[in-house]
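Thanks for coming. Please look at the screen, and I will go through the two chains and then the places where parts of them touch.

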Amino acid sequence: MTFSLTKDKRGVVVVGVDGQLIVGNRQDMKQKVLDSLDGGARKFVIDFTRTGYIDSSGLGVLVSLSKKIREQGGDLRLAGLNEDLQTLFELTKLDTLFAIAKTPAEALAAF
Amino acid sequence: MTEPLRLDVRPSATGGESDFELALDVPSDLGYVGPAVELIADRFKSGVLSPRRVRFNLRTALAEALANAIAYGNRHDPRRLVHVRVEARRDAVHIHVTDAGEGFDPGAVPDPTLPGRLEREDGRGLFVLRSLVDQVAFSAAGNSVCLTLRAG
């Protein structure tokens, strides 16, 4: 389970979540995104294409990051959720809080 | 997280031929949640639950139950363990997660999807747990939970 951060030509940061985003590793991702925000990045896409599962702590960290990024005038978008993960966002009503794109490319194009 | 986890696997004492039971003690450190979930999920590569339900429902529900037991039950106390017992039967899988805490009243946990609570970072664990399995049953004391996933 690792997180990879890549920046596209326009400065949008794509965070890939490989494996799971759960209570045991969420701080790692949070810190990486906050460091990037401190470094001046404002637009973020979290890519879940390679993610197996997300627990409630993982959802919580996304909520908190989204808030922090918005406070800095930025935006965080989600992409690549499989059907089960999409359902999890719908059940928790977090689909109303996030802009969710089918693919990272779609999320990038929407900025 | 330094101690290796030891999964005890045995055939079911009372059930059918393919039934089995698992037992695992997990130290009260959130770093163990991911490895403990993988150890148990690995035992369900084929059989009673579909690969999709193992990948998502079983893994997420078990992670929620373990995190709750470690954080709220055992309050991260390294001297306390969380006991996990899994009964895999032909018709269902029952997962018992028990901590050494005082328990809580699951009925008193507010709905995290209410407008005023939606942007909170925490408080979704029990809601997610209930959404992912067929049955969630707490012991009277509230320090043990049994998750049931029916076959399929």
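Helices and strands here are DSSP runs, numbered from the N terminus: a helix is H or I over at least four residues, and a strand is E over at least two. By that count chain A has 4 helices and 6 strands.

Before going on, some housekeeping. This is a predicted model, in which local features need pLDDT of at least 70 and side-chain atom pairs count only at pLDDT 80 or more, while totals for chains, interfaces and linings use all residues. Residues are numbered from 1 along each chain as its sequence is written, and chains are lettered from A and ligands numbered from 1 in the order in which they are written.

Back to chain A. Along the sequence its pattern reads β-β-α-β-β-α-β-α-β-α. The radius of gyration of chain A is 13 Å, close to the 13 Å of the globule rule for 111 residues, so chain A is as compact as a globular protein of that length. That radius is taken over C-alpha atoms, and the rule is 2.2 Å times the number of residues to the power 0.38. The C-alpha trace spans about 30 × 30 × 25 Å along its principal axes.

Next, burial. A residue is buried if 20 or more other C-beta atoms lie within 10 Å of its own, exposed if 12 or fewer, and partly exposed in between, with C-beta atoms placed from the backbone. Of the 111 residues in chain A, 42% are buried. Is A:Glu83 buried or exposed? A:Glu83 sits in helix H3 (residues 83-91) of chain A, and it counts as exposed because it has 9 C-beta neighbours inside 10 Å.

Now chain B. Chain B has 3 helices and 6 strands, in the order β-β-α-α-β-β-α-β-β. Its radius of gyration is 15 Å, close to the 15 Å that the globule rule gives for 152 residues, so chain B too is as compact as a globular protein of its length. The C-alpha atoms of chain B fill a box of roughly 50 × 35 × 25 Å along the principal axes. Buried residues are 35% of the 152 in chain B.

Take H1 of chain B as an example. Its buried residues are B:Val33, B:Gly34, B:Ala36, B:Val37 and B:Ile40. Seen down the axis of H1(B), they fall within an arc of 165 degrees, so they line one face of the helix. The arc is that of the directions from the helix axis to the C-beta atoms. What do these buried residues pack against? They pack against strand S2 (13-21) of chain A, and also against strand S2 (20-27), H2 and strand S3 (81-88) of chain B.

That brings us to the contact between the chains. Two residues are in contact if their C-beta atoms, placed from the backbone, lie within 7 Å. The contact takes 22 residues from chain B and 21 from chain A. On the side of chain B that touches chain A, the elements giving two or more residues are helix H1 (33-41), H2 and H3 of chain B. H2(B) gives the most, with 7 residues. By class, that side of chain B has 9 nonpolar, 6 polar and 7 charged residues. Here Ala, Val, Leu, Ile, Met, Phe, Trp, Tyr, Cys and Pro count as nonpolar, Asp, Glu, Lys and Arg as charged, and the others, Gly among them, as polar.

That is my last slide.
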